[in-house]
Amino acid sequence: MRFGYRDFILLLLFPVITIAGCEQPKVEFIFSKKTNELMPAAAKPVKEALVREFGNPLALTQFEGLPTKFGDVEGKVKSVESTGADAPLIRFQTTGLENAYDKLQGLPLEWTSGKAQGQISRIKEYNFETGIIAVEKSAEIDPQPGDTFLVECTRLQFGRDLYNRHCMHCHGMSGEGTGPTSRYLNPPPRDFRLGIYKYTSTKSTDKAQVHDLERTVKEGIAGTYMPSFKLLTNDEVSAIVNYVIWLSIRGETEKKLVDELFLDYSQETFAERTSEAGGETPEEVNEELKEYMELDFPDTLDFATSSVAEAWEEANLEEALVIPESPRVPDSPESRERGRKLYLSDKTKCATCHGPQGRGNGSATQDFWTNPVTNEKYPNRGLHDIWGNQLPPRDLHRGIYRGGRRPIDIYRRIFAGIKGTPMPAFGPSALTDEERWDLVNYVMSLPYSK
């Protein structure tokens with residue numbers, strides 16, 4: 001077989017391959033920096049819970065209550081291959097998986113009838129053409145013709161494989177935004193783990209809707225390195241977005257768990273509490289942590305996962321959408337002039353960031369702003385986003401709108417702001433609908449003004 005340049009690049013980007021006689025390297029999701037700053041006795045249960053609930057990149061796991069599509073499929077054992085007594089695997093031919101995703105290796109298989117009913121196996125081998133599955137042999141696992149099973153997460157794995165092919169090299173295996181090419185990109189790729197997406201059709205306190213993320217994947221983000229994936233099918237785009245939301249839920253769950261523990265059980269806090277000034281012994285702090293883990297941590301985990309899942313579900317309700325109360329005000333010189341006055345007024349203070357003429361050079365770009373997470377001044381002048389990246393205000397004369405250039409897109413940026421950035425929301429209590437449309441007309445006229 002001929003080995004070309006494209007194959008070499010694929011090996012660089014996707015080194016996780018299976019070679020006969022070689023052990024496959026262990027691949028895990030990356031835990032956040034804050035998780036690793038916890039006391040080891042506090043970090044360990046958090047990491048174990050995340051692995052238990054979400055698995056790892058090569059063995060995804062699902063649990064009830066998430067608003068993502070896992071894509072479970074049902075199958076039946078048709079026949080069982082005879083294997084030697086010392087063989088570690090047992091193989092059986094199946095029916096019912098003909099329309100399933102063809103790469104089931106690594107997915108969990110739950111037996112729904114027969115001797116092994118209720119047991120979970122992990123698929124070690126799968127041949128899509130023959131329908132033969134191999135799982136680890138054990139005393140409990142003894143499949144017989146007619147036994148039924150459920151293969152979990154086929155939809156999720158489909159999205160994962162597409163994500164690893166098209167997105168991972170920028171956004172990273174865990175969606176943390178530190179893929180191998182990320183160091184060369186400005187602005188840097190999005191870290192999905194906060195569950196915050198800038199350009200949405202939803203109100204300022206709501207998460208992105210599924211169609212927001214699908215539109216971003218299809219259209220890309222103008223003025224950035226996020227390309228358009230219009231050549232993918234709608235089903236492929238949907239699967240990628242499904243997996244990205246799953247990565248966000250995993251990251252948000254981790255953040256909620258860590259935030260609950262960090263104040264009392266970070267390594268820095270432990271050093272302070274057990275210092276001479278703190279007056280506590282290491283044994284006392286560890287005993288307190290042990291009691292918390294036994295009595296309160298399970299409820300904390302349940303609340304973290306359920307609250308994150310609920311927020312994503314609510315975002316897809318109609319009431320989360322930003323819908324104008326009235327049709328767009330006609331784009332006339334009078335409307336643009338009203339919008340210009342609003343832009344320059346103390347009511348909106350748009351010029352503070354975007355500049356009096358909309359060149360992105362307002363006075364806010366010269367100030368040292370405070371990081372809302374650390375409460376310390378940023379080292380550089382100007383605005384920053386929630387990920388800590390320096391964020392120059394948009395030069396409105398360039399006509400590049402990262403969230404879309406339709407009038408409704410600009411309206412939604414004004415109404416709900418831009419999530420994760422200093423761009424504020426001018427919802428019902430700040431401006432009237434007519435005023436928002438006047439601002440839209442003015443802003444969209446700037447690229448064509450003298």
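Student: Over how many bridges do β6 and β7 pair?
Tutor: First, a word on the source: this is a predicted model, where local features need pLDDT of at least 70, side-chain atom pairs count only at pLDDT 80 or more, and totals for chains, interfaces and linings use all residues. Residues are numbered from 1 along each chain as its sequence is written, and side-chain values use heavy atoms, with hydrogens and water left out. Strands are DSSP runs of E, at least two residues long, and helices are runs of H or I with at least four, numbered from the N terminus; two strands pair if DSSP finds at least two bridges between them. β6 and strand β7 (residues 132–136) run antiparallel, and the number of bridges is 4.

Student: Which residue in the turn of the β6 and β7 hairpin has a positive phi?
Tutor: The hairpin has 4 residues between its strands. In the turn, a positive phi of about 75° belongs to Gly131.

Student: At what angle do helices α11 and α14 pack?
Tutor: Angles run from 0 to 180 degrees between N-to-C directions, with axes fitted to C-alpha atoms, for helices over the stretch in contact. Under 35 degrees counts as roughly parallel, over 145 as roughly antiparallel, 65 to 115 as roughly perpendicular and the rest as oblique. So α11 is roughly perpendicular to α14. The axes of α11 (residues 333–344) and α14 (residues 433–445) are 7 Å apart, and the angle is about 95°.

Student: Over which residues does pLDDT stay under 50?
Tutor: pLDDT is the predictor's confidence in each residue, from 0 to 100. The chain averages 89, and 92% of the residues score at least 70. Where pLDDT is low, the predicted coordinates should not be read in detail. The stretch with pLDDT under 50 is residues 1–25.

Note on methods
Contact = heavy atoms within 4.5 Å.
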